[in-house]
Amino acid sequence: MVHSPIPRLKNDAGHQEIRTGARTFQCIGASPPHDHPHVFLTMGDNGRIICPYCSTLYRQDLSLAPDAAYPSDAIHI
């Protein structure tokens, strides 16, 4: 498997908001088999975006590494 520099984020716990250090990332919704179409999202100038499938609010947090998220269980490996 090839490692992508773009993080894949999930929201199994149903968090209203997930913070990430990445400006561009892939949202998969929940872990398979409960995932939605895997979409690439890029935050706007305001540093936030809502996934059109799962309605998770993502905020850019520059204190986090580009491959990190808070809560940490949002990273899909």
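In which sense do β3 and β4 pair, and over how many bridges? The two strands pair in the antiparallel sense, over four bridges. Pairing here requires that DSSP finds at least two bridges between two strands.

Colleagues, a word on the basis of this talk. This is a predicted model, in which local features need pLDDT of at least 70 and side-chain atom pairs count only at pLDDT 80 or more, while totals for chains, interfaces and linings use all residues. Residues are numbered from 1 along each chain as its sequence is written, and side-chain values use heavy atoms, with hydrogens and water left out.

I begin with the whole chain. It contains seven strands and zero helices, in the pattern β-β-β-β-β-β-β along the sequence. Both kinds of element are DSSP runs numbered from the N terminus: helices are H or I of at least four residues, and strands are E of at least two. The radius of gyration is 11 Å, which agrees with the value near 11 Å that a compact globule of 77 residues would have. That radius is taken over C-alpha atoms, and the globule rule is 2.2 Å times the number of residues to the power 0.38. Along the principal axes, the C-alpha atoms fill a box of roughly 30 × 30 × 20 Å.

Of the 77 residues, 38% are buried. Buried means under 20% relative accessible area, exposed means over 50%, and partly exposed lies in between, with a 1.4 Å probe and protein chains only.

Three strands form an open sheet in the order β1-β3-β4, with mixed pairing. β1 (8-9) and β4 (39-42) stand at its edges with a single partner strand each, so one side of each is left without a neighbour in the sheet. β1 pairs with β3 (residues 24-27) in the parallel sense over two bridges. Within that pairing, Leu9 has Cys27 of β3 as its bridge partner. Cys27 also stands opposite Val39 in β4.

In a regular strand, side chains alternate between the two faces of the sheet. In β4, Val39 and Leu41 form the covered face, whereas Phe40 and Thr42 form the uncovered one.

Setting aside residues up to four places away in sequence, Leu41 touches Arg23, Thr24, Phe25, Cys27, Ile49, Cys51, Pro52 and Tyr58; contact means heavy atoms within 4.5 Å. Leu41 and Cys27 are 14 residues apart along the chain, and their C-alpha atoms are separated by 7.1 Å.

The other sheet to describe is also open: four strands in the order β5-β6-β2-β7, again with mixed pairing. β5 (48-50) and β7 are the edge strands, each pairing on one side only. β2 (residues 17-20) runs antiparallel to β7, and two bridges join them. Here Arg19 stands opposite Tyr70 of β7.

Finally, where is His76 found? His76 lies in the segment after β7 (69-70). Is this residue buried or exposed? His76 counts as buried because its relative accessibility is 18%. Beyond residues up to four places away in sequence, His76 touches Arg8, Leu9, Lys10, Ile28, Ser31 and Pro32.

Across the chain, among contacts between residues at least 6 apart in sequence, 44% join residues at least 24 apart. Thank you.
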